[in-house]
Structures are given as C-alpha cells and as structure tokens.
Amino acid sequence: MTLLRHLRSLLLAPLFTAAALFAPYASAQLSAQKAVVTTEQARTELLAHAPEGVSPGQPVWVGLRIEHKKHWHTYWKNAGDSGLPTVLEWTLPPGVQAGEIAWPIPKKISVGPLVNYGFEDTLLLAVPLTISPDFKPPLLGDELTVKLRASWLICKTECIPEEGEYTLRIPLKGSTALHGATFEAARQAQPRALDAGKASRIQIEGQTLKLAVAGLPASLQGKPLDAFPETVEVINPSAPWKQSWSGAVWTAELPLMAQRSASPTLLPVVLTQGGQGWRIELPVSGSWPASAAPAAISPALQAALAANAAQAPAAAAAPLGFYAALLGALIGGLILNLMPCVFPVLAIKVLSFTRHADDHRSHRISGLAYTAGVIVSFVLLGLLLLGLRAAGESLGWGFQLQDPWVVAALAALFTVIALNLVGVFEFGQFAPSSLAAFQARHPVIDAFLTGVLAVAVASPCTAPFMGASLGLAVTLPPAQALLIFAALGLGLALPYLAVSFVPAFARLLPKPGAWMDALRKLLAFPMLVTVVWLVWVMGHQSGVDGAAALLTLLIALSAVIWALTLQGRLRTVIAALLVAAGAWAAWALGPYMFKIETATASQAGGERWSAWSPERVQTLLAGGQTVFVDYTAAWCVTCQYNKQTTLADAQVLADFDAKNVVMLRADWTRRDPAITAALAQLGRNGVPVYVFYRPGRAPQVLSEVLSVGEVRQALASL
C-alpha cells in the first residue's frame with residue numbers, strides 16, 4: 001500500500017471502523033511481500049520447490065532469485081579483482097538443514113582495468129534443504145517456515161551494499177512446484193562435474209599456474225575457454241594469460257596474484273564456453289612461491305598512504321600529538337557554538353539569563369550545571385562510541401543520527417519544546433505536583449539537562465580542529481580518548497560558563513518584563529527549524545515517504561498535546577480519540593520511516609557528482625585520474641553549508657572541470673562500514689572530510705569548513 005492511501009484512510013475513515021476493516025488486508029499484504037525485496041538496482045525474491053511435499057528423503061529446494069536492472073551485477077563465490085559474493089543466512093526449525101549454494105556458472109565482467117566474476121540479468125541461487133527424521137511439524141500448522149537474511153554487493157560503475165530479510169511458508173503436504181521451471185533452469189546453469197583423469201593436472205612454475213584438463217567434450221576442441229578458480233585471491237583475474245589445445249587436452253598458463261592470500265593443495269576450477277560449464281578439482285603440484293600480504297586497497301592508494309606515513313612524526317612525538325589533540329578538541333568545541341545546529345539550545349540559555357538578570361549566584365550555579373551536563377554527555381557518548389567500536393561495530397562521530405529512531409525521537413522532542421515555548425502548554429500541567437515542586441527547588445537540574453540537550457544537537461556537527469582530534473581519540477587508550485571527549489565538551493560549554501561568572505554581562509540585559517514572553521515565543525521558531533532539518537535527514541534515510549510519515553506523526557503528537565490542555569469531559573473525549581488516531585497512524589505509517597532508502601544519482605549530487613565506492617576510487621586512480629571525495633551526511637550541518645556555498649561556487653566548479661578531476665560523494669547518512677574504514681585511513685572519525693586523491697601521492701585532506709580560496713589553491717597545485 002502507498003503512503004498516500006494510508007493518509008487518505010487516516011483522514012477520511014472513522015478510526016475504529018477503518019482499523020477493523022484494514023487490519024486483515026494489511027496483514028495479507030505484509031505476508032505476500034515478505035518474500036520479496038525490491039531496490040532501485042534489483043528485485044529479489046525467495047522461492048521454494050518441493051514437488052513431493054516436505055518430508056524426510058524428499059527433494060526440497062529454496063533459492064534467492066535476483067533480477068538485476070540493466071548494467072548492474074552481483075558476484076560469484078570468487079568475486080575476481082574486487083567485489084563480494086552474495087551471503088545467505090538461514091533460520092530453520094530443528095531437523096532442517098540448509099546446504100551450500102549451487103552457484104551457476106559466472107561470467108567475466110570488466111570494470112576499467114579490473115576483471116570481476118559475477119552475474120547480470122536474472123539468476124537463482126538455489127540451496128537444497130535436508131529434512132531429517134528429527135523434524136517435527138508445528139503443532140498448530142502444516143507449513144515449514146523458512147527465514148532468510150541475505151546480503152549482496154551490487155555494482156555498475158559504483159557499488160551499493162544491500163540486504164533483505166525474507167519469510168516463506170512451504171506446505172508440508174501436497175506439491176510446491178510453481179517455480180519448477182526456474183529451479184530446473186538453475187540446475188542446467190550449474191557447471192557439470194568433470195572427472196580428473198591422469199592427463200589432468202595443475203603445476204606451479206614460478207609465478208604461473210599451469211593447468212591441463214582432459215576429458216572435456218570433443219565439441220570444445222579448438223575453442224577458447226574461460227577459467228574461474230573457486231579459491232579467491234590465487235590467480236590475477238585481470239592479467240593476460242595463455243591457453244591452447246594439445247589434441248583432446250586443454251592447457252592454460254594462469255598468472256598468480258602478487259598479493260596471493262591462499263596456497264591450496266586442492267584447487268577447484270570452473271571452465272566455461274558458450275553458456276556451458278564444467279567443474280574439476282585437481283591437486284596442486286609444486287611449491288607455492290612466497291606470498292605477500294593481501295592488499296586491501298589499490299596499489300596507487302597504498303603508495304599514497306605509505307608516502308603519507310613517511311611524513312608522519314616519529315613515535316617519540318606521540319605525547320605532543322595527544323596534547324595537540326586536546327587543544328584541538330577544546331578549540332573545536334568552542335567553534336561548535338557558532339554552528340546553526342546549536343543555536344536553538346543557546347537561545348534557551350539566553351532566555352534563562354533574562355529570568356535571573358540580577359541573580360549572580362543563580363547564573364554561576366546554572367553555568368556550572370550546564371557545563372557538567374555537556375561534559376558528562378560528551379564523555380558518555382564517547383564511551384558508547386568506543387565500546388561499540390571495541391565490539392566490532394563500524395561507527396564514527398555522529399553515529400546516533402544514522403539511526404531513524406534517534407532522528408524521529410529528536411524531532412518529537414524539539415516539537416514538544418517548540419509547543420511549550422509558543423505557549424500551547426506548560427510542563428507543569430502534565431507533571432505530577434511532587435515533580436514540579438522538586439524542579440522548583442532544584443533549578444540546577446534544568447541547566448544540567450539543557451547541557452545534555454546541547455550535546456544531542458551539537459554532536460553530529462564537526463567543527464575545525466575537531467576532525468583530527470576525534471580521529472586520534474578512537475586510536476588511543478580509553479582514558480586518553482575520554483579526556484579528548486571531555487575537552488570537546490568543555491570547549492562547547494566554556495562561553496556560557498565564562499559569561500555566567502562575569503557580572504557585567506548580566507548588567508547588559510534589560511530588566512524582566514513583557515518582552516520576555518515575546519522572546520520566549522520567538523525562540524520557538526529556531527526549534528521548528530531544527531525539526532525541519534531532522535525531517536530532511538529522515539527523507540535522506542528513508543525517502544520522501546519516510547519524511548511525510550514523520551511529519552504526520554509530529555502533527556498527531558501536537559494534536560494530542562493540545563487536547564490534553566482542554567478542560568472537563570471535552571478533554572477526555574477528544575484526547576482519547578486523538579491518542580487512538582495517533583496510535584493507529586504510528587502503526588500504519590511508522591514502517592515508512594525505517595525502511596532503507598538506497599542512494600540515487602540525485603542524492604549523490606546530480607550529473608557532476610558520482611556515488612563513492614572503494615572500487616570506484618581504485619579504478620580511477622589506476623587509470624591516472626585525480627579524485628576529489630566529499631565525505632558527507634544529511635545530518636551534518638557543516639556538510640550542507642559547504643555543499644551550498646564553496647562546492648557550488650562557479651569558479652570552483654570551473655577549476656574542477658579544467659583539471660579533469662572526478663568528483664565523488666560518500667554519503668554517511670546511513671551507517672556504512674566502508675566509509676567508516678576510509679575515514680579511519682585518513683585519521684578521521686566524522687564528517688565533513690574533503691580529500692584529493694592522486695596516483696602515487698599522499699591524500700590531501702582539506703579543512704572542515706571549506707573556503708573557495710582553499711579549494712582553488714589545492715586545484716591549482718595539481
């Protein structure tokens with residue numbers, strides 16, 4: 001169902017009648033779609049084939065069908081020069097076991113100088129299920145429930161990691177054979193087993209793997225074949241190789257990979273010709289040459305990183321680096337106060353000053369409490385980041401806003417604050433009297449929580465001097481790392497702390513009066529601007545449907561809060577109806593906010609900008625191109641400012657064109673381990689980061705707040 005249909009039902013249908021009528025249909029729709037996941041690059045579906053039903057000894061197959069859009073491809077079990085194979089993770093009841101993927105024969109796919117092994121068009125990754133005698137059918141049902149979590153890398157010139165979750169219910173009795181022709185076609189697409197006769201062998205000679213295969217069909221003699229070793233990183237897929245026929249024996253000389261990571265004693269190889277394939281396993285004779293460590297990045301980028309490391313300070317300078325990072329964090333925290341994302345919270349603090357213009361003691365206590373809230377929050381956020389990274393998560397600064405749940409929660413919080421500031425309600429109306437009395441006796445808590453709020457909205461931003469400090473922090477021991485986070489918090493709180501201890505500032509403020517109410521209502525609008533920003537972030541994460549769903553739920557929340565301010569029976573009736581409507585809206589529209597929206601060309605930045613991927617950078621550098629990468633995120637205000645100013649400047653863009661620089665955009669709005677790893681290689685842990693990559697040269701990292709002069713100067717030096 002579309003978002004528009006949900007909204008129409010919400011607005012036009014009586015609440016409980018619509019919910020009762022809609023629930024069965026929505027359930028049926030959900031069940032029907034659980035086996036299908038569609039993205040802009042592919043349609044994937046979980047299929048089953050059990051012609052004799054589900055019972056021990058009978059053939060039962062399941063498989064993931066992938067329908068690629070034109071020019072897109074996924075990868076074989078050995079991806080070749082780059083890429084990753086599709087991974088299938090099954091959840092099955094006891095007594096049912098999934099076998100290995102019956103891989104179809106692959107094809108060679110060239111991307112620049114690289115050669116990959118993979119699939120285009122449509123394929124089925126079929127997997128046999130073994131039903132053991134221990135399998136017990138469910139007590140309340142006659143179906144076998146199969147659940148799959150699949151992940152795949154799909155590429156054209158850029159690569160996009162995708163995943164899907166599927167559920168399929170296969171009847172235990174009767175025949176499930178609707179897709180029998182599809183599974184039969186997948187069986188025909190698999191390579192046929194070829195016996196290893198005495199004339200077949202694999203011999204290592206220097207940096208070459210010599211292959212001789214006998215027993216192939218006579219119709220193949222004299223025709224060229226393609227060879228695909230199943231073991232990864234043994235031969236060099238993109239290097240030229242030789243093949244010939246000696247009677248009925250096909251021979252080939254395959255060059256070994258310079259960074260070979262495997263030295264198998266038994267090597268399975270798939271040979272293909274004209275859409276047919278044969279698989280043979282042969283023992284390897286001879287001694288493998290010494291292997292180098294596998295290269296995780298291209299040789300050009302590896303050389304650049306090595307040059308960069310050679311210019312780094314010696315180990316003895318490490319303490320100076322730590323103290324410099326502390327100073328950078330302090331200065332970066334100070335500059336955060338100038339970022340638009342922090343303005344709404346600072347506005348609240350200005351309002352608190354006006355309420356106690358003559359109470360110097362209250363100002364000082366409030367300043368200390370606010371500072372404590374900021375520092376404690378930054379330390380806790382740093383502790384959470386370090387803990388999750390130690391647990392294996394690929395996270396960086398601002399990671400919390402990569403989660404739509406956090407974005408939605410913050411949007412709701414700032415909506416409530418704006419409603420309070422504009423006078424729709426007072427917190428005392430809803431808070432218990434004991435809590436209100438406690439708050440009145442302890443205003444320091446308000447100041448502390450305001451500090452927490454400041455960190456919540458400031459943490460996604462990266463100011464100058466912060467990037468290098470945070471990049472170093474995640475590599476340091478926990479105690480030193482947390483000191484850097486504390487210094488960042490102190491920098492953010494320092495201006496307010498200093499002002500709270502300077503009586504002259506309080507004397508500059510006008511006396512309390514009616515103007516304060518006008519100021520309070522005016523401050524609601526920066527809060528609403530922050531809500532607009534958060535809805536925009538949701539749109540980048542979950543698409544326009546997700547943004548519209550969040551806006552609808554925020555309106556529902558506002559209506560509920562307004563209803564609770566009414567008096568008498570009217571309050572009870574209207575509030576109950578609106579709460580029920582809001583709950584139904586959350587159930588109906590909530591999933592739209594948490595779906596994964598894949599990147600599009602428009603999100604990358606139009607025709608001038610292309611989507612970033614490690615493979616894309618490797619290919620361009622290997623071709624001698626200079627690459628400019630904008631590591632960005634929708635929730636990063638500094639990123640958006642640079643994007644609309646310096647990176648949109650006509651002179652800057654003309655210089656990029658004149659130097660023939662390829663412009664890539666790495667969007668970190670959603671969590672992306674590949675981008676996290678790339679940032680770590682640059683000594684950074686958050687965005688924005690702007691980098692020039694040149695073949696054989698160290699990456700050139702620009703400042704976080706870009707200027708036209710800085711970019712043009714860097715371009716002029718190319």
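How many helices and strands does the secondary structure of the protein chain come to? In this predicted model, the secondary structure of the protein chain comes to 23 helices and 24 strands. Of its 718 residues, 47% count as buried, and the accessible surface comes to about 33,400 Å², with 62% of that surface belonging to carbon and sulfur atoms. Among the contacts in the chain with a separation of 6 or more, 75% are accounted for by residues 24 or more positions apart.

Strand E13 covers residues 201–205, and its side chains alternate between two faces.

## Salt bridges

The structure holds 17 salt bridges. As a general point, side chains of opposite charge can pair when their charged atoms come close.

| Salt bridge | N to O distance | Relative accessible area of each partner |
|---|---|---|
| Arg-43 and Glu-45 | 3.0 Å | Arg-43 28%, Glu-45 14% |
| Asp-226 and Lys-108 | 3.6 Å | Asp-226 29%, Lys-108 26% |
| Arg-665 and Asp-630 | 2.9 Å | Arg-665 7%, Asp-630 1% |

The side chains of Asp-226 and Lys-108 meet in a salt bridge. Because Asp-226 lies in strand E15 (residues 226–229) and Lys-108 in strand E7 (residues 107–111), this pair ties together parts that are 118 residues apart in sequence. Asp-226 counts as partly exposed, and Lys-108 is likewise partly exposed.

Arg-665 forms its salt bridge with Asp-630. Arg-665 lies in strand E22 (residues 662–667) and Asp-630 in strand E21 (residues 627–632), so the pair ties together parts that are 35 residues apart in sequence. Here Arg-665 is buried, and Asp-630 counts as buried too.

Salt bridges that share partners also join Arg-43, Glu-45, Arg-65 and Glu-67 into one network.

Where in the chain does Arg-43 lie? Arg-43 lies in strand E2, which covers residues 42–49. With 28% relative accessibility, Arg-43 counts as partly exposed, while its salt-bridge partner Glu-45, at 14%, counts as buried. The side chains of Arg-43 and Glu-45 are also joined by a polar contact of 3.0 Å.

Which residues is Arg-43 in contact with, leaving aside its neighbours within four places in sequence? They are Val-36, Val-37, Thr-38, Arg-65, Ile-66 and Glu-67. For Glu-67, the C-alpha to C-alpha distance from Arg-43 is 5.1 Å, although the two residues are 24 residues apart in sequence. Two of these contact residues, Arg-65 and Glu-67, belong to the salt-bridge network that includes Arg-43 and Glu-45.

Definitions and conventions
Residues numbered from 1 in each chain as written. Predicted model: local features only at pLDDT ≥ 70, side-chain atom pairs only at ≥ 80, totals over all residues. Heavy atoms only, no water. Helix = DSSP H or I, 4+ residues; strand = E, 2+ residues; numbered from the N terminus. Buried < 20%, exposed > 50% of the residue type's maximum accessible area, 1.4 Å probe, protein only. Contact = heavy atoms within 4.5 Å. Areas by Shrake-Rupley, 256 points an atom, 1.4 Å probe, with all protein chains shown as cover. Salt bridge = Lys/Arg side-chain N within 4 Å of Asp/Glu carboxyl O. Polar contact = N/O pair within 3.5 Å; in protein donor to acceptor, adjacent residues only side chain to side chain.
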